[in-house]
Amino acid sequence: MAIDTSEKAFETAIEYSLISQGGYESCVSTAFDATLAITPDIVLRFIQDTQPKAWESLCKRHGDRVRDNFIKRLATELKNRGTLDVLRHGIKDLGVEVSLCYFKPASEMNKTLTARYEANILTVMRQVHHSVSRPKDSVDTVLLLNGIPIVTLELKNPITGQTYQNAIYQYQNDRSNKDTLFMFKRGALVH
């Protein structure tokens, strides 16, 4: 029986490893908003699960438009401050402070901080369509933290004649920094 050396098989193997051993969950690429470069449902799930009082306050302030208004506010903060700053410091929406991730505490002695860190939602997404102007363009794999992309991956396999140099070329020539996912400071942190 021949070994499948296709890029798709490589993607599957990486996804399987991240899910089975890395604590990731799989997410369909259609959940990704290419304009905003986030996965809104996962962002909101993280906030509702980890900060119910903050979410309740946002619901009172925004009413029926809480989902759309919060996502719009998040997108503005990401654009103005950048992905890393928003992840580190969270955002404030109508006076309500919201964290977008929790970092690993120095020790596990504080159970509250440990529980918050463990509540982060890590997702792996394959074949992510990232361009509004070129809707068929996709990046092989995106890793997200609470619905916010932090890593993009272009997978190459030397067995099929492609190397990391092909991936570098692809990032330099086939990816536009006008696409939100690839914007400096605003998009994913690592490519």
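**Strand pairing and a helix crossing**

L122 has L145 in β5 as its bridge partner. The model is a predicted one, in which local features need pLDDT of at least 70, side-chain atom pairs count only at pLDDT 80 or more, and totals for chains, interfaces and linings use all residues. Residues are numbered from 1 along each chain as its sequence is written, and side-chain values use heavy atoms, with hydrogens and water left out.

The pairing of L122 with L145 belongs to the antiparallel arrangement of strand β4 (residues 122-129) and β5, which are joined by seven bridges; strands are DSSP runs of E with at least two residues, numbered from the N terminus, and two of them pair if DSSP finds at least two bridges between them. β5 also pairs with strand β6 (residues 148-153), again in the antiparallel sense, over five bridges, and here L145 stands opposite I148. The hairpin of β5 and β6 has two residues between the strands, and N146 takes a positive phi near 55°. Strand β5 itself, residues 138-145, is mostly covered, with eight of its eight residues buried, that is, under 20% relative accessible area with a 1.4 Å probe and protein chains only.

Turning to the helices (DSSP runs of H or I, at least four residues), the axes of α2 (residues 40-50) and α4 (residues 66-81) come within 11 Å and cross at roughly 100°. The two helices are therefore roughly perpendicular, a term for angles of 65 to 115 degrees. Their contact (heavy atoms within 4.5 Å) is made by P40, D41, V43, L44 and I47 of α2 together with R67, F70, I71 and L74 of α4.

Definitions and conventions: Buried means under 20% relative accessible area, exposed over 50%, partly exposed in between (1.4 Å probe, protein chains only). Axes are lines fitted to C-alpha atoms, for helices over the stretch in contact, and angles run from 0 to 180 degrees between N-to-C directions. Angles under 35 degrees count as roughly parallel, over 145 as roughly antiparallel, 65 to 115 as roughly perpendicular and the rest as oblique.
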